[in-house]
Amino acid sequence: MKQLLTELTAIPGACAHEYPVISYIKERLQGKVDTMTVDTMGNLIVSKKGDQSGPNLLLCAHADEVGFYVSRIEPTGFVRFELRGGQDDRTLPLMDVVISTDNGPVKGVIGSIPAHLRRFDNQDRVNHYQSLYIDIGADSAEEARAMGVELGDPITWTTPLTQLGKDKWLGHAFDDRAGCACLIKLYEELDFSSVKGTVYSVFSVREEVGLIGAEVAARTLTDAVSVDCALAIDTTPARDTLEAGLMGMMDRGVALGKGPAIKVLDMSYAATPSVYKKLRRVAKENSIPYQDDVFMGIGTDSGAIYKAGSGVPTSGISIPSRYCHSAKEIVHERDMLQTMELLKAFVLSLEDPNEFRFQ
């Protein structure tokens, strides 16, 4: 799992520029699934049928990551940028980035005032991202363009995955390459001779800018087959650190190392009770620790999937992550592995296509 996640997060995949990630996953799953298509939007849709009849399950993880686009090249060679996906201006200065150009990657750093000059600045101000810039080492706009930089080029973080302590991983783009890794491993490791029904999976695009890819893919799938249940496999912010605003949430929030988070409610949808309660039962029956996730600060692809067709019973499994949507995220190895256990157990538990229908 660690090696797979290392490889996935090393691939730049800002919103609308997910092709390298989709291409990697497509190659990795060759021969491991029954069908594989990439739609016009760029979503990768795969399926594998079990040896016995049963329900159609849809799983989804998004391939894109939060990032930026080049919006202007200054005469001095500095690069201005626009955000793609939710970011916090306070986390941006002095972070390493890479601009993906037609000529190849161009490394840079988001500039900031030197500490020596801080007394001449307003120390309480948080600089809006539009006042920030990326230093790529160019001395002019002409030199920047000669390096390959053009307006609209995607920009992403570059933090490599590293071990943190004995059982945590530090890196970037865990949202949602962690979910992608779990779906890949599902097809690589699960014995489908014991599966009843068909498992469809969407590696979606443009999730961070409005769940766009999942909406298109879910509509396509529900036009073709009856989707009986769906899960989005994503990350969720861990609320277990010492920030003042989180201290009151620690007794009811998701924490690292305590198991996968079963989605009950977020800002994009209310999970189908029969689905999230089944996830709870499966976790208990298989002695898999889990946490319930009620968090209104985010949305997931489930928010698009549950509205497709005539409606799809939907919930999700989320991997706790510290410092989401930043250059330095942290996940727990055990949470990743237990998410896999729960996902496998849930797939194997399905038998009746009507199990989750409204009663």
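Thr198 touches Ser47, Lys48, Lys49, Pro55, Asn56 and Leu57, leaving aside residues up to four places away in sequence; contact here means heavy atoms within 4.5 Å. Thr198 sits in strand β12 (residues 196-204). Strands (E, at least two residues) and helices (H or I, at least four) are DSSP runs, numbered from the N terminus. Thr198 counts as buried because its relative accessibility is 11%; buried means under 20% relative accessible area, exposed over 50%, and partly exposed in between, with a 1.4 Å probe and protein chains only.

The model is predicted, so local features need pLDDT of at least 70 and side-chain atom pairs count only at pLDDT 80 or more, while totals for chains, interfaces and linings use all residues. Residues are numbered from 1 along each chain as its sequence is written, and side-chain values use heavy atoms, with hydrogens and water left out.

Next comes the interior. In soluble globular proteins, nonpolar side chains tend to be buried together. A nonpolar core is a set of buried Ala, Val, Leu, Ile, Met, Phe, Trp, Tyr and Cys residues joined through side-chain atoms within 4.5 Å. The largest such core has 59 residues, of which Ile25, Phe203, Leu231, Met336 and Phe346 touch the most other members. Helix α4 gives the largest share of this core, nine residues. Apart from it lies another core, of 23 residues, including Val79 and Tyr129.

Helix α4 covers residues 174-189 and reaches 21 Å from its first C-alpha to its last, close to the expected 22 Å; the expected span is 1.5 Å times one less than the number of residues. Of the 16 residues of α4, 14 are buried, so the helix is largely enclosed by the rest of the structure. The contacts of Phe203 include Cys180, Leu183 and Ile184.

The largest pocket holds about 520 Å³ of space. On a 1 Å grid over the protein atoms alone, a pocket is an open set of points where a 1.4 Å probe fits, with protein on both sides within 12 Å along at least five of seven lines; lining residues have an atom within 4 Å of a point. Grid points are joined across faces, edges and corners, and the volume is the space filled by probe spheres set on them. The pocket is lined by 24 residues, with Gly86, Pro237, Ile298, Cys324 and His325 nearest its centre. Strand β13 (residues 229-237) gives the most to this lining, four residues.
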